[in-house]
Amino acid sequence: MNPVNIPNVKIAVIDNDLLVRDFIATVLMYCVNRDVLSFDNGLAAWKYIEDNESPDIIITEIDVPGLNGFELMAKFKEKSPDKKCLLMSDNPANKQPARNSGADAFLAKPVSVNDLFRVVQTFVVRD
Amino acid sequence: MIKLGPASVEMRAMSEDDVFSSRLKLLIIMAKAYLRNCPLGNYRKKAIIENANHVFYHSLQLVSESSILKDNGFEPPADIVSREKTSEEHLFHQRVQLLAVMAKALAEDRLRGHFRKKALTDNLNKICETLIFKFQIRDVNFLKVA
């Protein structure tokens, strides 16, 4: 793997479960020492992405209202093909569709602190 | 595509308890990273304060739910949970709440002096003994850059 180091990385987290979304945002904010965007539905996230500079990484639950994770990823990748999209789910049946649709990572729930550290080590800082 | 998280058979929705235990683990890592002089930027401080607040209030809620049950005569049967265990759990939650207060203090630059850091270290060690939680700073070397 090539070295990665995204300065001033911009990350967005999309999940309609407030507890989970806040937890993921807290871990990532701590790791990267930057603000982390968070949205409770796919449509709100897409509206932000459409009107602003794309985040470097989006981490979205697949089963969210508005646009689901797959729909959001398709639009996001069309606008910003070089940026990373990680799909999250508690349903194992979503793993293969995530692979087929071009997700950069599949994050199985329940998500742990170590999983999120690995996200940072893989996509934000890596020697 | 990389796959992170539990194996397919262990996948499930995250409960409040999952989030609490993950946040507690994060709080321990935050405190240990501080004791090992990992730099603290503004957003890291904000994340520590947010996390400490969540852990503190969730722990408080767990303790008060337990005492409300007891106050209303719902003492757990002796063969399921011993009084000693209940007392240990109570003490554990007191330590967790203390850790949250200490974490907030360190994020606000109020945790200064040798003995305060020693108290933080002792408290972390006691909590980790209970959790059997092992953590090594090399696991999070990336935190050395803020």
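Over all chains, the structure holds nine salt bridges. The model is a predicted one, and the description below accordingly concerns computed geometry. Side chains of opposite charge can pair when their charged atoms come close. In chain A, one such pair is formed by A:K109 and A:E61, whose closest N and O atoms are 2.7 Å apart. The pair links distant parts of the chain, since A:K109 is placed in the loop between β6 and α5 of chain A, while A:E61 belongs to strand β4 (residues 57-61) of chain A, 48 residues apart. A:K109 counts as buried, at 6% relative accessibility, and A:E61 is likewise buried, with a relative accessible area of 5%. Both residues also take part, with A:D15, in a network of salt bridges.

A salt bridge is also found between the side chains of A:K84 and A:D104, with an N to O distance of 4.0 Å. Here again distant parts of the chain are linked, A:K84 lying in strand β5 (residues 84-89) of chain A and A:D104 in the loop between α4 and β6 of chain A, 20 residues apart. With a relative accessible area of 30%, A:K84 is partly exposed, whereas A:D104, at 18% relative accessibility, counts as buried because the limit for that class is under 20%.

In chain B, the side chains of B:D109 and B:K45 meet in a salt bridge at 3.4 Å, N to O. B:D109 lies in the loop between α3 and α4 (114-131) of chain B and B:K45 in helix α2 (residues 42-71) of chain B, so the pair ties together parts that are 64 residues apart in sequence. B:D109 is partly exposed, its relative accessible area being 40%, while B:K45 counts as buried at 19% relative accessibility. A further buried residue of this chain is B:Q97, with a relative accessible area of 8%, which is located in helix α3 (residues 83-107) of chain B. The side chain of B:Q97 makes a polar contact of 3.0 Å with the side chain of B:S59; when neighbours within four places in sequence are left aside, B:Q97 is in contact with B:F56, B:S59, B:L60 and B:V63.

The size of an interface is often given as the accessible area lost when the parts come together. For chain A and chain B, about 3600 Å² is buried between them, of which 70% is on carbon and sulfur atoms. In chain A, the residues that lose the most area to chain B are A:Y30, A:N33 and A:P110, which together account for 21% of what that side buries. In terms of contacts, 40 residues of chain A are in contact with 37 residues of chain B.

The count of salt bridges between chain A and chain B is zero, but 12 residue pairs are found in polar contact across this interface, both residues being at pLDDT 80 or more. On the side of chain A that touches chain B, the elements giving two or more residues are α1 (18-32), α4 (95-100), β6 (105-108) and α5 (113-123) of chain A, and the largest share, 10 residues, comes from α5(A). The residues of this side divide into 22 nonpolar, seven polar and 11 charged. Strand pairing also crosses between the chains, as β6(A) is joined by three bridges to strand β1 (residues 2-4) of chain B, the two running parallel, with A:F106 standing opposite B:K3 in β1(B).

Note on methods
Residues numbered from 1 in each chain as written. Chains lettered and ligands numbered in written order. Heavy atoms only, no water. Contact = heavy atoms within 4.5 Å. Buried area = accessible area lost by both parts, 1.4 Å probe. Polar contact = N/O pair within 3.5 Å; in protein donor to acceptor, adjacent residues only side chain to side chain. Helix = DSSP H or I, 4+ residues; strand = E, 2+ residues; numbered from the N terminus. Nonpolar A, V, L, I, M, F, W, Y, C, P; charged D, E, K, R; others polar. Pairing = 2+ DSSP bridges. Buried < 20%, exposed > 50% of the residue type's maximum accessible area, 1.4 Å probe, protein only.
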